[in-house]
Amino acid sequence: MNALILIDIQNDFIPGGALAVPAGDLIVPVVNRLQPHFEIVVATQDWHPANHGSFAANHPGRKPYDSIDLHGLPQILWPVHCVQETAGARFAANLDQSRWDRVFVKGTDPAIDSYSGFFDNGHRRSTGLGDYLKAQRVTDVYVAGLATDYCVKFTALDAISLGFRTHLIEDACRGVNLHAGDVAKAIEEMKTAGIEIIDAGKITGSTAGA
Ligand SMILES: [Zn+2]
């Protein structure tokens with residue numbers, strides 16, 4: 001049983017949004033073509049309260065992209081993004097949601113960030129995604145979305161550590177590249193963990209991939 005996990009394809013992460021991933025919008029048509037090829041499609045949604053600890057604005061004297069210690073965990077401070085019930089937290093307008101089985105929200109606890117769709121960054125609390133996929137007898141997960149070097153990477157690493165055969169659809173993801181080479185490094189890290197890196201064309205059968 002194969003499941004497609006769509007990570008955080010939300011307005012704030014695409015050009016025009018508060019924390020835009022360069023060319024993040026270009027994955028939407030790719031993801032839309034992929035969805036009919038899967039028995040199960042789930043999505044994650046970054047869903048922060050306004051007082052979230054990952055927002056630079058909530059740390060006087062700090063600015064976006066500073067690194068701090070947030071209750072014992074290293075934290076990069078981000079611009080305010082994906083605040084619950086705001087337009088920025090909504091899924092990209094042209095993203096097909098008609099086949100989705102479930103949406104899992106993350107980042108709801110102001111005290112801790114959550115890059116992975118499975119757990120918060122301290123692995124303290126689960127979103128329920130892992131149990132859901134296991135209950136559906138999913139064996140293989142395919143990960144796509146935003147951003148390759150953060151939420152996509154940590155979701156894929158948790159997926160393989162939970163025992164799912166894990167595949168990253170590289171051209172259905174885009175990265176932040178806060179530091180040059182971050183995306184390439186993330187891909188290497190995923191490969192080393194045993195994650196298969198593929199292109200969308202392998203699933204849709206099209207040679208173009210994107
Ligand atoms: Zn966030």
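Donors are N, O and S atoms within 2.8 Å of the metal (3.2 Å for Na, K and Ca); water is not among the atoms, so sites may look incomplete. Here, the donors of the zinc ion are spaced D-x1-H-x32-H along the chain. This is a predicted model: local features need pLDDT of at least 70, side-chain atom pairs count only at pLDDT 80 or more, and totals for chains, interfaces and linings use all residues. Residues are numbered from 1 along each chain as its sequence is written, and side-chain values use heavy atoms, with hydrogens and water left out.

**Zinc site**

- Asp-46 (OD), His-48 (NE2) and His-81 (NE2) coordinate the zinc ion at 2.0 to 2.1 Å.
- His-48 sits in the loop between strand S2 (40-46) and strand S3 (67-70), and His-81 in the loop between strand S4 (73-76) and strand S5 (102-106), so the pair ties together parts that are 33 residues apart in sequence.
- Strands (E, at least two residues) and helices (H or I, at least four) are DSSP runs, numbered from the N terminus.
- His-48 is buried, at a relative accessible area of 0%.
- His-81 is buried too, at 3%.
- Buried means under 20% relative accessible area, exposed over 50%, and partly exposed in between (1.4 Å probe, protein chains only).

**The parallel sheet**

- Six strands form an open sheet in the order S5-S2-S1-S6-S7-S8, with parallel pairing.
- Two strands pair if DSSP finds at least two bridges between them.
- S5 and strand S8 (196-198) are the edge strands, and each pairs on one side only.
- From one strand to the next, the twist averages 25°.
- Axes are lines fitted to C-alpha atoms, for helices over the stretch in contact; angles run from 0 to 180 degrees between N-to-C directions.
- S1 and S6 pair in the parallel sense over six bridges. Ile-5 has Val-143 as its bridge partner in S6.
- H3 packs on the sheet and touches S1, S5, S6 and S7; its direction makes about 170° with that of S6. Contact means heavy atoms within 4.5 Å.
- S6 and S7 run parallel and are joined by six bridges. Leu-146 has Arg-174 as its bridge partner in S7.
- S7 is mostly covered, with seven of its ten residues buried.

**The S3-S4 hairpin**

- S3 and S4 form a hairpin with two residues between them. His-71, in the turn, has a positive phi of about 50°.
- The two strands run antiparallel, joined by four bridges. Ile-68 has Gln-75 as its bridge partner in S4.
- Side chains alternate along S3.

**Aromatic rings**

- Rings of Phe, Tyr and Trp (its six-membered ring) pair if their centres lie within 6.5 Å; planes under 30 degrees apart count as stacked, over 60 as edge-to-face and the rest as tilted.
- By this rule there are eight aromatic pairs.
- The rings of Phe-118 and Phe-164 have centres 6.4 Å apart and planes at 25°, so the pair is stacked.
- Phe-118 lies in the loop between S5 and helix H2 (129-135), and Phe-164 in the loop between H3 and strand S7 (165-174), so the pair ties together parts that are 46 residues apart in sequence.
- Phe-118 is buried at 1% relative accessibility, and Phe-164 is buried at 3%.
- Lys-134 lies over the face of Phe-164, at 5.2 Å from the ring centre. A charge sits over a ring if NZ of Lys or CZ of Arg is within 6 Å of the ring centre and within 35 degrees of the ring normal.
- Ring pairs also link Tyr-65, Trp-78, Tyr-115, Tyr-150 and Phe-154 into a cluster.

**Backbone points to check**

- A cis peptide bond joins Leu-146 and Ala-147, with omega about -10°. Ala-147 is in the loop between strand S6 (140-146) and helix H3 (148-161).
- Ala-23 has a positive phi near 60°, in a residue other than glycine. Ala-23 lies in the loop between strand S1 (2-7) and helix H1 (27-34) and is partly exposed at 28% relative accessibility.
- Tyr-65 is not a glycine, yet has a positive phi of about 80°. Tyr-65 lies in the loop between S2 and S3 and is partly exposed at 39%.
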